[in-house]
Amino acid sequence: MVSSENVDDIGIKGVLVADTKGKCLLASGMADDVRIRAIISDSAWLKDAAQRRFIPILLTTGQFVCLVSPYPDGYVVLLSSPPADTVLQFIMGVDFAYDILNHILNDPYDAMTIVDKNAKMAYISPVHEKFFGLEPGGGVGKNVRDVIENTRLHLTLKTEVAEVGQVQRMKGFDRVVSRYPIQHGKKVVGAIGRVMFKGPQQLEAMARKIRDLEGQIKTYKSNASKNKKNDPPDVLDAIIGNSLAMRSVRDQIRKIAPLDIPVLIQGESGTGKELVAQALHHLSARKDKRLVTVNAAALPASLVESELFGYEAGSFTGADRKGRAGKFEQADQGTIFLDEIGDMPLEVQTKLLRVLQDRMVERVGGDKPKRVDFRLCSATNRDLEAFVEQEKFRLDLFYRISPVCIHIPPLDERREDIPLLLNHFVSELANQYGRDVPEVEMKIAHHLMERSWPGNVRQLRHVVERAFVFAEGSKLTLANFEDGTGADFKAHAALQGGSTSSSVQGRTLKDALEELELQLINDAVIRSKGNKKKAAEHLGVSRSYLYKKLEAS
């Protein structure tokens with residue numbers, strides 16, 4: 001049995017020419033086998049096979065597919081190994097298999113375009129040729145981008161990811177298109193695009209519906225932006241990854257978000273814990289209220305009360321004349337997200353515990369406690385259970401914040417998500433910088449998957465952004481990711497025991513990670529021209545955390 005694992009053996013195995021009565025006139029290769037010649041010598045078999053065009057021959061030593069074609073003086077039989085078990089089953093079970101293939105290739109309502117691994121067109125359906133004004137075979141050999149506007153078949157080759165049911169505009173018309181990479185063994189050898197064609201009336205009706213829907217979407221987006229300017233259309237889409245671990249994270253979010261229960265999000269720095277907190281809020285019943293983020297590690301004990309609980313006018317020197325609401329008041333009816341809670345000082349933990357127990361806050365300088373209603377989300381990259389044993393974290397506070405825990409895996413444990421993250425960041429950066437989305441060389445994803453990522457997704461985005469900014473032309477190449485000019489490359493080499501810098505040899509993982517983080521921060525500040533707010537937004541951290549790290553350096 002020839003399976004998909006033995007595709008290298010597929011090809012023409014023999015040729016036989018017979019007259020109308022089945023007498024063999026010429027035989028070559030496997031067709032010269034006495035058993036095959038005996039089968040083909042049956043004139044009734046030949047006549048039936050010529051009608052079916054495709055027909056299998058099953059021997060004890062192997063299986064073959066025959067293409068039988070009549071000519072004026074007899075029949076020509078081409079003998080081939082079956083390309084796959086599924087194809088063999090199709091040919092064996094369907095007498096009119098050839099007619100089905102002929103219909104697919106000539107279907108006036110479902111056109112097809114096939115490109116090879118170099119994005120050169122190998123086939124285009126007749127209806128598609130007429131649509132583009134091509135002579136029969138006129139598109140073969142041309143780059144698909146030179147023939148079909150807005151095509152993405154060349155990107156399908158690069159990403160190796162299918163795109164199903166996409167809308168593509170061609171010559172002023174909207175078409176529903178699906179694109180699939182085609183594999184030969186384990187290698188992508190081409191791609192196929194299928195375009196749904198309809199008659200003029202149906203097409204016009206579809207266009208009108210699309211225009212109506214676009215108008216409705218535009219109105220919806222306009223109204224949504226007025227009410228919730230920061231709300232993403234689908235918060236779970238921001239959590240990129242198709243690995244089992246990330247699918248599990250999204251499933252947990254869907255189940256937990258509607259429940260008004262505290263959640264502790266655990267994961268290394270740069271894994272995207274804040275995105276999970278945002279998803280929990282926007283999928284909850286509190287989504288119309290505020291999500292207030294507090295960097296717990298950056299709260300100094302002297303200011304914790306005024307920051308968390310607020311203060312009345314004139315309560316201390318330098319206070320706002322009108323007073324100010326604290327973080328818990330701001331989060332009333334909404335969600336408060338305590339980031340890096342594992343680094344919160346013990347004296348701050350005590351004050352926080354009191355609020356979580358009583359749900360009452362009293363402003364500094366005030367005398368009227370106020371009840372607040374909030375949903376609590378916390379995040380940490382620390383082992384809180386170990387901190388509890390070391391008396392660095394209160395046990396009673398740990399129980400308060402962790403009825404439910406969501407663990408975000410490090411990027412090194414879900415490397416299969418790197419190609420998706422790469423494509424996402426490239427598209428995001430193109431939109432951010434107002435540039436066209438560049439092609440991404442296929443080798444890049446494999447290169448990135450082989451690297452270690454101590455800085456996780458945040459580090460990956462930094463690497464992609466630097467390559468994007470310094471790339472020449474409209475294509476990202478492997479060279480853009482191997483120039484070694486970035487600080488994270490040096491830190492990565494140091495963590496791997498390389499010789500990039502002798503000064504980091506023998507250092508602990510914690511020290512190396514801290515150095516990497518500082519280098520990323522300095523790089524972001526430089527590229528933001530000293531604007532620390534923009535640098536913090538780019539790195540995905542709070543300004544207070546950025547200031548804390550810069551002051552410590």
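These are legends for a set of close-up views of one predicted model.

**Close-up 1. The spot around Val188 in strand β10.** Val188 sits in β10, the strand that covers residues 187-196. With a relative accessible area of 16%, Val188 is buried, because the cut-off for that label is under 20%. Leaving aside residues up to four places away in sequence, the ones that Val188 touches are Lys117, Leu157, Glu160, Pro181, Ile182 and Gln183. Have a look at Asp116 too: it is 72 residues from Val188 along the chain, and the C-alpha atoms of the two are separated by 9.1 Å.

**Close-up 2. The largest cavity and what lines it.** The count of cavities of 30 Å³ or more comes to one, and the space in the largest cavity is about 80 Å³. Its lining takes in Thr113, His128, Ile148, Thr151, Leu153, Gln168, Met170, Val177, Arg179, Gly193, Arg194 and Val195. The biggest giver is β10, with three residues. Sorted by class, the lining has five nonpolar residues, five polar ones and two charged ones.

**Close-up 3. Arg414, a buried arginine in a loop.** Look for Arg414 in the loop that runs between β19 (404-407) and α16 (418-433). Its relative accessibility is 2%, so Arg414 counts as buried. What does the side chain of Arg414 make a polar contact with? The partner is the side chain of Asp417, at 3.0 Å. Setting aside residues up to four places away in sequence, Arg414 also touches Ile240, Gly241, Ser243, Met246, Thr271, Pro409, Leu421 and Val457.

Close-up 4. Arg53 isn't a glycine, yet its phi is positive, at about 70 degrees. You'll find Arg53 in the loop between α2 (43-52) and β3 (54-59). Arg53 is partly exposed, with a relative accessible area of 25%. Asn456, also a residue other than glycine, has a positive phi near 60 degrees. Asn456 belongs to helix α18, which is made up of residues 456-470. Is Asn456 buried or exposed? Asn456 is buried, and its relative accessible area is 0%.

**Close-up 5. Phe328 and Phe374, a tilted aromatic pair.** The count of aromatic pairs comes to five. In one of them, Phe328 and Phe374 have ring centres 5.1 Å apart and planes at 50 degrees to each other, a tilted arrangement. The two residues come from distant parts of the chain, 46 residues apart: Phe328 is in helix α12 (residues 327-330), while Phe374 is in the loop between β17 (370-371) and β18 (375-380). Phe328 counts as buried at 0% relative accessibility, and Phe374 counts as buried at 2%. Phe309 joins in as well, with ring pairs linking Phe309, Phe328 and Phe374 into a cluster.

**Close-up 6. Tyr433 and Phe468, a stacked pair.** Here the ring centres of Tyr433 and Phe468 are 5.9 Å apart and the planes are at 25 degrees, so this pair is stacked. This is another link between distant parts of the chain: Tyr433 in helix α16 and Phe468 in helix α18 are 35 residues apart. As for accessibility, Tyr433 counts as partly exposed at 36%, whereas Phe468 is buried, with a relative accessible area of 1%.

**Close-up 7. Helix α10 and its cover.** Helix α10 takes in residues 273-282 and is mostly covered, with seven of its ten residues buried. Which residues of α10 are buried? They are Lys273, Val276, Ala277, Ala279, Leu280, His281 and His282. The cover over these buried residues includes helix α9 (244-256) along with the strands β11 (263-266), β12 (291-295), β15 (335-339), β18 and β19.

Methods
Residues numbered from 1 in each chain as written. Heavy atoms only, no water. Helix = DSSP H or I, 4+ residues; strand = E, 2+ residues; numbered from the N terminus. Buried < 20%, exposed > 50% of the residue type's maximum accessible area, 1.4 Å probe, protein only. Contact = heavy atoms within 4.5 Å. 1 Å grid on protein atoms, 1.4 Å probe; cavity = no way out; pocket = protein on both sides within 12 Å on 5 of 7 lines; lining within 4 Å. Points joined across faces, edges and corners; volume = space filled by probe spheres on them. Nonpolar A, V, L, I, M, F, W, Y, C, P; charged D, E, K, R; others polar. Polar contact = N/O pair within 3.5 Å; in protein donor to acceptor, adjacent residues only side chain to side chain. Phe/Tyr/Trp six-rings, centres within 6.5 Å; stacked < 30°, edge-to-face > 60°.
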